[in-house]
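I set out to record, entry by entry, what I looked up in this structure.

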Amino acid sequence: MLFNPRNRHLYLMLAAEALCFAAALSSSYLLRFEFSLPEFYAAQLKSMLAWVLPLKLCVFLALGLYRGMWRYTSLADFKRLAEAVLLSSALLVACVAYVYGFAGFSRAVLAVDGLLTLLLTGALRLGIRVLYASAHGKTSAPGPARRVLVIGAGGLGERLLREISQTPALNLHVIGFLDDDPDKLGRSLHGREVLGRVDQLPRIAAESRAEEIVIAVSHASAGQMRRIVEACKASGLPHRILPATSQLLDGKARLTLRPVDYQDLLGRSEVELDQRGLAAILTDKVVLVTGCGGSIGSELCRQVARFAPARLVLVDASEYNLYAIAQELAQSGFANFSCVLGSVADAALMDAVLAEHSPSLLLHAAAYKHVPMLEENPWSAVTNNVSGARVLMAAAIKHGVERFVTVSTDKAVNPASVMGASKRVTEKLMACHAGGPTRFSAVRFGNVVGSSGSVVPLFRSQIEAGGPVTVTHPDMTRYFMSISEACQLILQAAAMDLAPSASGGGGEIFVLRMGEPVRIVDLARDLIRLSGREPGVDCDIVFTGLRPGEKLAEELMGAGEEVLGTGHEKIMVLRGQGDGRDSDALDATVLDAALLDELQAAATRRDAAAIRALLQRLIPEYAPEREPQ
């Protein structure tokens, strides 16, 4: 609809706009003839007003300039206004040229009319916005506004300032910015000065009588974020953070402030995505996600849904998890999905599902991942992680799936656990199918913050209970990444078609750049401090010793593996010795079908010793008895 005829403000807008058009045309005549208008041109002006006003109003209506609320006029609105003025002026000139052939008409009048129309209609919209903002800003708030310093004088900080200015209910007053960019120091943003660097925060906060600090940065390394948070703590003031730009809805949602979380300390960086490449494999395609109710699987579903697939097939063995993600997708407005409740190791079910839906992309995120639990139940790791992947890969080839991406883990490198060995077998199974009609690949990365098996939720619950926080070893380190960033990169890797010289014909193992490994004891201390407590004073840390299958440090690459660039700064691809893929994975004697059948048979009879022995034959680097170094 071009406009809403029931909107009472529409007619006021039309009347005000008509006055602007009349004023622009009249002023152009007066300016052209130096405010001494000959009788001939006065009559011409009167006749032109009769049809120029309706012409311009029709153009503005057709271009939808009366659908928006002028009190929220933006640069995009001014762009549309300029387009409407240009089109209406062009039509006016065309009409004059066609009807009169410009005989007796001043071309200068027509040119000035277009310019004045743009100025007056733009001033009208800007004036309404200024008046509304002024009136809105006088709305009563509960008590005096809190004085706020904002860290970050970039785009996110500017959006925050606008939001605070337009929302008196927030009861905040920005007194200035802090930023480490030397080009911004001393300059102002919407009248608020950049007062200094982040390391000057304690002094500036005291001098400016600030009452709160807001962190509004969209790009920062882990080290930079830690330094910012430490500066906030040193100031002694309460501090909150604004969600990263990627988490906001393009300005359609209110900006919300929240306490600093551990995920923020990992740093912030916007993931550059090949939107066209992702659309090619997702939009109007059938996509199947296994383990769709898990931490990784559910986030993959959310991100795939953004690209409007023809159908999203949800597969999960947990009834509740499947129901939860289905409800979430439905409430978000996405309805093109089907739910499949069952195990990926059920060959008959998987065959039927792929036959029915014919997915072009299969994202395999279903896996058991808890290391100590699988040490106690190794048969479950084999059935779900190995046999499940084997079943899915065979079904994918049979039913013509174009791309198959399996989610792997850094625990697959030189595995010391059943879980890691099972995922390494999965990587090798995937590589064995390279060169066929289905393009197989794996994405290997470390821990994700906030996942169902992460230590972060465990530490938080222990802190809330008053401690102690249990850490296995003071020197244990792990790689960490946010769930959202990991899933974005998984999809980006899925869209990559590497040249044969790099990895050739599928079978690639992509590795995500995880940054620097984090000491788990440092993570525990950070979480304790973020909760407002002090480690060793308000909450103790206790070291419990390594559990079965655990290593002090995980690795992203094994012996003989080297990484190559992919064109994306955060995604690398492994290259084994001698060719573009993992050379061991292509050795038929290593992953003999009979040996895999024997492994599943051992899992069926729950023979833990046989399972570990067979995994060692399949994965020579698997060392369950090895002491972590």
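**Entry 1: Helices α14 and α19**

I looked up which residues bring these two helices together: Trp379, Val382, Thr383, Val386, Ser387 and Arg390 of α14 meet Ala593, Leu596, Asp597, Leu599, Gln600 and Ala603 of α19. Sorted by class, this contact of α14 with α19 consists of seven nonpolar, three polar and two charged residues. I note that the model is predicted. I then checked the geometry: the axes of α14 and α19 come within 9 Å and cross at roughly 145°. The crossing in which α14 passes α19 is left-handed.

I next examined helix α20, which covers residues 608–618. Which of its residues are buried? I found Ala610, Ile611, Arg612, Leu614, Leu615 and Leu618 to be buried. I then asked what the buried residues of α20 pack against. They pack against α13 (371–376), α14, α15 (418–432) and α19 (593–604).

I followed one of these neighbours, α15, in more detail. The axes of α15 and α20 come within 10 Å, crossing at roughly 40°. Because of that angle, α15 is oblique to α20. I recorded a left-handed crossing for α15 and α20. On the α15 side, Val418, Ala421, Val425 and Lys428 take part, and they meet Arg612, Leu615 and Leu618 of α20. By class, I list five nonpolar, no polar and two charged residues in the contact of α15 with α20.

**Entry 2: The nonpolar cores**

How many residues does the largest nonpolar core have? I recorded 97 residues, and those with the most contacts inside this core are Ile296, Leu312, Leu314, Leu329, Leu363 and Phe445. Helix α14 (residues 378–398) supplies the largest share of this core, ten residues.

I took Ile296 as an example. Leaving aside residues up to four places away in sequence, Ile296 touches Ala365, Val407, Phe445, Val448, Ile483, Cys487 and Ile490. I also noted a second, separate core of 40 residues, which includes Ala210, Val260, Val469 and Val518.

**Entry 3: Leu564**

Lastly, I located Leu564, which lies in strand β21 (residues 562–565). I classed Leu564 as partly exposed because its relative accessibility is 23%, while buried means under 20% and exposed over 50%.

Terms used. Residues numbered from 1 in each chain as written. Predicted model: local features only at pLDDT ≥ 70, side-chain atom pairs only at ≥ 80, totals over all residues. Heavy atoms only, no water. Core = buried A, V, L, I, M, F, W, Y, C linked by side-chain atoms within 4.5 Å. Buried < 20%, exposed > 50% of the residue type's maximum accessible area, 1.4 Å probe, protein only. Helix = DSSP H or I, 4+ residues; strand = E, 2+ residues; numbered from the N terminus. Contact = heavy atoms within 4.5 Å. Axes fitted to C-alpha atoms, helices over the stretch in contact; angles between N-to-C directions. Left-handed = near helix turned anticlockwise from the far one by under 90°. Nonpolar A, V, L, I, M, F, W, Y, C, P; charged D, E, K, R; others polar. Parallel < 35°, antiparallel > 145°, perpendicular 65-115°, else oblique.
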